[in-house]
Amino acid sequence: MEETMKSLLDDSFESAMTLTNSGVPQVPDRYVLPPSQRPALGSSLGTIETTLPIIDLSLLHEHLLRSSVIRDINMACKEFGLFQVINHGIPPSVIEGALDAATQFFDLPVEEKMLLVSADVHQPVRYGTSLNHSTDRVHYWRDFIKHYSYPLSKWIDMWPSNPPCYKEKVGKYAEATHVLHKQLREAISESLGLEKNYLQEQTEEGSQVMAVNCYPACPEPEITLGMPPHSDFGSLTILLQSSQGLQIMDSNKDWIRVPYIEGALIVQLGDQVEVMSNGIYKSVIHRVTVNKDYKRLSFASLHSLPLHKKISPAPELVGNNAPAYGEFSFNDFLYYISNNDCVQQRFIDTLKKSNS
């Protein structure tokens with residue numbers, strides 16, 4: 001049965017890289033979005049420029065400045081659900097190494113990458129295109145490899161063996177982002193008025209999924225997207241991007257371009273933080289645009305509680321009110337996306353109580 005499914009997958013699979021490399025003059029029909037969902041590139045309509053918060057993480061270690069940085073994080077989380085970080089402690093050589101390994105992986109022959117192809121969202125390592133090419137109604141101009149990354153020793157042997165540098169270079173980046181995640185989790189908990197070690201035990205046993213994305217040059221970027229509007233399921237996502245392409249939705253439902261800042265990393269709040277904060281902070285809705293001229297790479301390091309661990313609103317933040325959200329686990333999210341179209345309805349919307 002599994003072999004049959006694999007054969008069907010292989011027959012139906014065509015990556016965005018394959019299309020770009022073949023020189024297609026226009027995107028196939030399956031990638032064309034309805035006019036209302038198109039990104040309006042090159043126009044002032046639909047997207048706006050604004051100054052997004054940049055946090056210097058080195059200042060968290062300055063006793064006299066820490067409270068000011070925590071306040072800045074609080075404001076960024078309330079207004080945008082996102083901020084960029086500089087002086088984050090991950091060396092440029094580790095970042096460059098990860099991007100180099102990703103470039104080499106996506107440049108591999110199709111047959112090599114197809115050894116890892118899967119439409120099963122529970123697979124610990126899987127290569128794919130779009131969101132899930134076997135079920136997507138509209139396809140997205142994106143190839144990816146996703147793999148579990150924490151604890152690294154448990155998963156790294158399942159990672160790609162080609163290119164030969166992949167495990168070492170991406171492994172170093174995964175370890176570094178896991179350390180950074182702990183620092184960010186503490187600061188965000190503190191910014192909510194919680195103990196900085198709130199949920200420490202659960203998050204230290206939690207999961208880290210690394211989604212390595214490739215958005216090839218696209219012949220018609222104005223009628224398609226690399227990723228549709230969505231929020232991330234976890235607590236935090238630490239995003240490394242090789243160039244601009246990420247956009248976030250603000251409270252007015254306008255799209256804001258997130259600028260590329262060399263050496264900076266982007267921190268995005270996920271659904272688990274929205275639930276834990278009882279809606280004080282919101283997970284950020286974001287999408288990815290593509291362009292005609294060059295390939296864009298990104299590493300989304302998705303940090304979450306353990307697979308079956310339920311998260312619910314922190315009692316300290318609910319007070320005498322009723323919780324605004326039901327509880328959920330990472331496993332609940334995987335079940336949802338396996339059985340529902342998450343483009344039509346966000347998973348977190350199914351958790352909101354009617355009184356919220």
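**Reading aromatic pairs in a predicted model**

Visitor: How many aromatic pairs does the count come to here?

Guide: A pair of aromatic rings is described by the distance of the centres and the angle of the planes. Rings of Phe, Tyr and Trp (its six-membered ring) pair if their centres lie within 6.5 Å, with planes under 30 degrees apart called stacked, over 60 edge-to-face and the rest tilted; the count by this rule is 13 aromatic pairs. F13 and Y127 have ring centres 5.5 Å apart and planes at 45°, so this pair is tilted. The F13–Y127 pair links distant parts of the chain, 114 residues apart, with F13 in the loop between α1 (2–12) and α2 (16–21) and Y127 in strand β4 (residues 125–129), where helices (H or I, at least four residues) and strands (E, at least two) are DSSP runs numbered from the N terminus.

Visitor: How far can I trust these coordinates, and how are they counted?

Guide: This is a predicted model, in which local features need pLDDT of at least 70 and side-chain atom pairs pLDDT 80 or more, while totals for chains, interfaces and linings use all residues. Residues are numbered from 1 along each chain as its sequence is written, and side-chain values use heavy atoms, leaving out hydrogens and water. The mean pLDDT (the predictor's confidence in each residue, from 0 to 100) is 91, and 93% of residues reach 70 or more.

Visitor: Are F13 and Y127 buried or exposed?

Guide: Both F13 and Y127 are buried, meaning under 20% relative accessible area, with exposed over 50% and partly exposed in between (1.4 Å probe, protein chains only). Y148 and W155 form an edge-to-face pair, 4.9 Å centre to centre with 80° between the planes, and Y148 and W155 are also buried.

Visitor: Which residues do ring pairs link into a cluster?

Guide: Ring pairs link F13, F105, F106, Y127, W159 and Y166 into a cluster.
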